[in-house]
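I opened my notebook to look at how the parts of this chain are put together. My entries follow in the order in which I looked things up.

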Amino acid sequence: MATKLLASALRQTLNKKTTSSSLHRCLSTAAALTTAPPSQNDEAMTIKGLKISARPLYLDMQATSPVDPRVLDAMLPYYLARYGNPHSRTHLYGWESDQAVETARSQIADLIGASPKEIVFTSGATESNNISVKGVMKFYKEKKRHVVTTQTEHKCVLDSCRHLQQEGFEVTYLPVGNDGIVDLEKLRGSIRPDTGLVSVMAVNNEIGVIQPMEEIGKICREFNVPFHTDAAQALGKIPVDVDRWNVSLMSLSGHKIYGPKGVGALYMRRRPRIRVEAQMNGGWTREGDKERDSAYAISGGNGRGMRAGEEGDGERLLNGVRAKLDGVVVNGSVERRYAGNLNLSFAYVEGESLLMGLKDVAVSSGSACTSASLEPSYVLRALGVDEDMAHTSIRFGIGRFTTEEEIDRAVELTVQQVDKLREMSPLYEMVKEGIDIKQIQWSQH
Amino acid sequence: MLRQLASKRLITQRIQILPRFYHEKVIDHFNNPRNVGSFDKNDPAVGTGLVGAPACGDVMKLQIKVDDTTGEIIDARFKTFGCGSAIASSSVATEWVKGKQMEEVMTIKNT
């Protein structure tokens, strides 16, 4: 009896020890700022064969962003107390939820210069993109059989276009220049009488390049072609105005602007009205998630006011790295870019080994979609980046909550790791000796 | 009995079966590579091998210093442009060849 008590007490203390320390680790994001060597810390977690002493610095804001605590505060009442379905018309719970949805809708509309009647809530930018591309073309399929888009669009837009091609539509994938910007003359030349949609994303998720939206809008108005844009990375980061850009459809995403995942919106113009065929039946205006919608709106509203911190930080990162390393190439236009997205290639260093060494910094090579495979990303290939440089590209994503210390530490770790790998690299040695690598005949095997 | 229970608890919580990720030894060789560097190319006792291509993602340069009289490899250095496993395997290769005869090292294979 006594031993049983002792055993359970022991089990409890052991459990408490491990769970509380893991909880502490979960909530602390600043621990990687210290330089404690991981081998001395026996509480280090081992994951995927790597030992890391603390949670890495998060510099992957283009993949997703943390939820702003203010958004969470706005959301919680709608989970716990005011949890009615906005479509329930018969009681207070439904009425107050409906009110919240309408408030959210008007907040988003204000952010992009639209009317609340033109906003539809979806499950995310992916669904919005699908509805825009496939829905528009299928609605107008009798007269319009052609779509114009770019080679650097998000995977969901490209896959929707591929789906349309299989159904017999034609798609033109416009190339981009070395700076990632689409050529306006080529765009103008590719529009045909049966073009039903032009789709160009506002800010690219991998390289951060901002496309000339007003000029593209003008061309589309000239030819009277609907203009769709994926503005998931642009909302709250650059000024967005549906009238200045002349867009008919705009996809928006919640979790890129410090909101929850699983929520997005689609702007659909009413004058002139753009029609789409529903991709999901049973109410494709999915508005059951009113609490998330209202939170989304608040995060959007705050996004407008809180851009200031990021531009300085992007510069800081780039200058910090450039000060200590040579052979650093910025992928994409340096002038027309969103400052919080920095995609860098380091010459003579291989990407996978760099990423393995940067385990204390959470960054992405290419985009989250492509980071699973080791193929160089299609966006970098479209820019015309050499294969070996494409392999070494790292995307640093800076956001509202990134501190200057985090950036400095990331710069330090990156420089350290790149230096170490360059020391080990025969290519770097050859370049130092003055040999031109491009002239060498490599022995393939 | 209690101690066994306790230690079993701890062990089951620490061990994770991770498919398809690098073995600890590979990571160790990646973080602390042995014998990185170069010898003087023009030294007659030094042999240099360079293989691979940047487009393939792997370039490896291996140099060995051979003792003229005994034919034994007294030292080795490597430099690699490549992923974690490429660096680790080059590092391991330099450790294996040190102190061996030239004919002996020809038998080192991938398998």
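I began with the domains, and noted that chain A is divided into domain 1, made of 51–67 + 309–431, and domain 2, made of 74–305. I wrote beside this that the model is predicted. I then looked up who takes part in the contact, and found 29 residues from domain 1 of chain A and 34 residues from domain 2 of chain A.

Next I turned to area, since the size of an interface is often given as the accessible area lost when the parts come together. For domain 1 and domain 2 of chain A I noted about 2600 Å² buried between them, with 53% of it on carbon and sulfur atoms. On the side of domain 1, the residues that lose the most area to domain 2 are R336(A), Y338(A) and Y378(A), which together make up 25% of what that side buries.

Which kinds of pairs link the two domains of chain A? I counted 17 residue pairs in polar contact between domain 1 and domain 2, while the count of salt bridges between them is zero.

I also looked up which elements of domain 1 touch domain 2, and those giving two or more residues are strand 12 (341–346) and helix 12 (378–383) of chain A. Helix 12 gives the most, with five residues. By class, I listed 11 nonpolar, 13 polar and five charged residues on this side of domain 1.

Last, I looked at chain A as a whole, which has 15 helices and 14 strands, and in which 52% of the 445 residues count as buried.

Definitions and conventions. Residues are numbered from 1 along each chain as its sequence is written. Chains are lettered from A and ligands numbered from 1 in the order in which they are written. This is a predicted model: local features need pLDDT of at least 70, side-chain atom pairs count only at pLDDT 80 or more; totals for chains, interfaces and linings use all residues. Side-chain values use heavy atoms; hydrogens and water are left out. Domain bounds come from an automatic or database domain assignment. Contact means heavy atoms within 4.5 Å. Buried area is the accessible area (1.4 Å probe) that two parts lose on being put together, summed over both. A salt bridge is a side-chain nitrogen of Lys or Arg within 4 Å of a carboxyl oxygen of Asp or Glu. A polar contact is a pair of N or O atoms within 3.5 Å; within protein, one must be able to donate a hydrogen and the other to accept it, and residues adjacent in sequence count only if both atoms are side-chain atoms. Helices (H or I, at least four residues) and strands (E, at least two) are DSSP runs, numbered from the N terminus. Ala, Val, Leu, Ile, Met, Phe, Trp, Tyr, Cys and Pro count as nonpolar, Asp, Glu, Lys and Arg as charged, and the others, Gly among them, as polar. Buried means under 20% relative accessible area, exposed over 50%, partly exposed in between (1.4 Å probe, protein chains only).
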